[in-house]
Amino acid sequence: MAFTLQIGEKAPAFSLLATDGKTYSLSDFSEVKTLVVFFTCNHCPFVLGSNSVTKKVAENYQDKGVKFVAINSNSEHTHPGDSFEHMIEQMNQKKYPWLYLRDQFQEAAKAYGALRTPHFFVFDEERKLVYTGRELDNPRQPEKATVNDLDNALAEITGGKIVTTQLTNPIGCNVKWEGKDEHWMPGEACDLV
């Protein structure tokens, strides 16, 4: 069985606390046409490098029925900078146009098969997966990126087209799993493509 959610599979349910103090479930976004769930964190240089691009993409598609939901699954014991308190600080400073949820017990990361930060999952109106993988081919240095696979996928789905490139390898730091070395990955979590 594959570790990461497969194209066409349904979005797994979640119920997670956000930095705004509210708890959100997948069903809270039932009116959203296209849902982007992405696994991220506070410290990863690939995340920090590409957050400004992700912010622009999220803002560009807000009026096209696209909602971004960020999830931080990293163990704060492995990386203290990924604590909930630091998540709140980051959102207060950066004012990102997405909800930022804490997956403290890493259940969402396991359900979705998150491999790295950032790792994007795009779901259609029926909440079937239509794209997963990276945003940029160079998220650490976005000025050197040659392709934005997330933007391409969103342009196609919001334009009523089938997503051409449905699967790419996420580029970033490993998800920091509780009780494991910071570079550890589940054995079945080999490269996607």
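A residue counts as buried when its relative accessible area is under 20%. Keep that cut-off in mind as you explore this predicted model.

**First stop: R102.** Select R102, which you will find in strand 5, residues 99–102. Is R102 buried or exposed? Its relative accessibility is 7%, so R102 counts as buried. Now show its side chain: one of the polar atoms there lies 2.8 Å from the backbone oxygen of N74. Leaving aside neighbours within four places in sequence, R102 is also in contact with other residues, including L16, L17, D82, F84 and M87.

Seven of them form an open sheet in the order 2-1-5-4-3-7-8, with mixed pairing. At the edges are strand 2 (23–25) and strand 8 (129–133), each of which pairs on one side only. From one strand to the next, the twist averages 30 degrees.

Next, pick strand 1 (residues 15–18) together with strand 5: the two run antiparallel and are joined by two bridges. Within this pair, look for A18, which stands opposite L101 of strand 5.

Which of its residues are buried? They are F84, M87, Q90 and M91. These residues lie on the same side of helix 2, because they cover an arc of only 115 degrees around the axis. They pack against strand 1, helix 1, strand 4 and strand 5.

**Last stop: the cores.** Show the side chains of F29, F39, L101, Y112 and F123; of the 27 residues in the largest nonpolar core, these touch the most other members. The elements that give two or more residues to this core include strand 1, strand 5 and helix 3 (107–112). Centre on F29 and, not counting residues up to four places away in sequence, you will see that F29 touches F14, Y24, L35, K67, V69, L99 and R127.

To finish, select V57, M87, M91 and I157, which are among the 25 residues of a second, separate core.

Notes:
Residues are numbered from 1 along each chain as its sequence is written. This is a predicted model: local features need pLDDT of at least 70, side-chain atom pairs count only at pLDDT 80 or more; totals for chains, interfaces and linings use all residues. Side-chain values use heavy atoms; hydrogens and water are left out. Helices (H or I, at least four residues) and strands (E, at least two) are DSSP runs, numbered from the N terminus. Buried means under 20% relative accessible area, exposed over 50%, partly exposed in between (1.4 Å probe, protein chains only). A polar contact is a pair of N or O atoms within 3.5 Å; within protein, one must be able to donate a hydrogen and the other to accept it, and residues adjacent in sequence count only if both atoms are side-chain atoms. Contact means heavy atoms within 4.5 Å. Two strands pair if DSSP finds at least two bridges between them. Axes are lines fitted to C-alpha atoms, for helices over the stretch in contact, and angles run from 0 to 180 degrees between N-to-C directions. A nonpolar core is a set of buried Ala, Val, Leu, Ile, Met, Phe, Trp, Tyr and Cys residues joined through side-chain atoms within 4.5 Å. The arc is that of the directions from the helix axis to the C-beta atoms.
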